[in-house]
Amino acid sequence: MKLYYKAGACSLSPHIILRESGIDFSLVNVDLATKKTEAGDDYLEINAKGQVPALLLDDGSMLTEGVAIVQYLADKVPDRQLLAPAGSMTRYHTLEWLNYIATELHKGFSPLFNPATPDAFKTTTRAALEKKFKYVNEELNDKQWLMGLRFSVADAYLFTVLRWAQALNLNLQGLSNIDAFMERMKARPAVAAALTAEGI
């Protein structure tokens, strides 16, 4: 498999899950501004959406969208228990978290990454995200991971967007459950390997 990524972007989530899965893969860095790969290939010919992540599968087909990619990877290695089996409520609660992170957190950052966004709107956006992270902090109370005692694909995605929150200096003061979660994530060998590989 081949993962098309940009360092620190949302592609970090499937990158972590690839390392957690033990599946053999390679990385291709993409410049999202120029839509060129590190080898100079036109990324739009590889992925017409022009965004990362994209995962080139062994059969030559392409899978895009981080939430879909991590579910696919987890189902490839059920013994790693990165996602509960189909039919279990734990699986659907994990998917619930993946969707919350994608729609309420991840997309919420878009205005902050856009230099054309008016400052007043950025202030409102930051406040909305900070409120949502307080909710996440409460949900992590007495939990090691979002699903309790077992690490899942949702944790890799949450870690990714929390790194953005820290980089943009969102007010996460006093969110001790999030602080502890981030330390646990950094201590995972797969996470450390992904961060090192991306140079972040």
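Trp164 is buried, with a relative accessible area of 10%; buried here stands for under 20% relative accessible area, exposed for over 50% and partly exposed for what lies in between, with a 1.4 Å probe and protein chains only. The model is predicted, so local features need pLDDT of at least 70 and side-chain atom pairs count only at pLDDT 80 or more, while totals for chains, interfaces and linings use all residues. Residues are numbered from 1 along each chain as its sequence is written, and side-chain values use heavy atoms, with hydrogens and water left out.

The structure holds 10 aromatic pairs. Rings of Phe, Tyr and Trp (the six-membered ring of Trp) pair if their centres lie within 6.5 Å; planes under 30 degrees apart count as stacked, over 60 as edge-to-face and the rest as tilted. One of the pairs joins Trp164 to Phe113 edge-to-face, at 5.7 Å centre to centre and with 85° between the planes. The two residues are 51 apart in the chain, Phe113 in helix H5 (residues 110-113) and Trp164 in helix H7 (residues 153-167), and their pair links distant parts of the chain. Helices (H or I, at least four residues) and strands (E, at least two) are DSSP runs, numbered from the N terminus. Phe113 is partly exposed, with a relative accessible area of 48%.

Asn177 is placed in helix H8 (residues 176-187) and is buried, with a relative accessible area of 18%. Apart from neighbours within four places in sequence, Asn177 is in contact (heavy atoms within 4.5 Å) with Asn137, Leu140, Asn141 and Arg184.

For residues 87-200, UniProt lists "domain: GST C-terminal" in an unreviewed entry; UniProt positions are given in the numbering used here, feature names are shortened, and annotations may be inferred rather than shown by experiment. This span is 70% helix and 0% strand, and its end C-alpha atoms lie 37 Å apart.

The sheet comes next. It is open and mixed in pairing, with 5 strands in the order E3-E2-E1-E4-E5. Strands E3 (36-37) and E5 (62-64) are the edges, each pairing on one side only. Two strands pair if DSSP finds at least two bridges between them. Strands E1 (residues 2-5) and E4 (residues 54-56) run antiparallel and are joined by 3 bridges; Lys2 has Leu56 in E4 as its bridge partner. Helix H1 (residues 12-21) packs on the sheet, touching E1, strand E2 (26-31) and E4, and its direction makes about 155° with that of E1. Helix H3 (residues 66-76) lies across E4 and E5, running at about 120° to E5. Axes are lines fitted to C-alpha atoms, for helices over the stretch in contact, and angles run from 0 to 180 degrees between N-to-C directions.

Some backbone details remain. Most residues other than glycine have a negative phi, and most peptide bonds are trans. Val52 and Pro53 are joined by a cis peptide bond with omega of about 0°, and Pro53 is found in the loop between helix H2 (43-46) and E4. Lys35, not a glycine, has a positive phi of about 60° and is found in the loop between E2 and E3. Glu65, in the loop between E5 and H3, has a positive phi of about 75° although it is not a glycine. Glu65 is partly exposed, with a relative accessible area of 46%.
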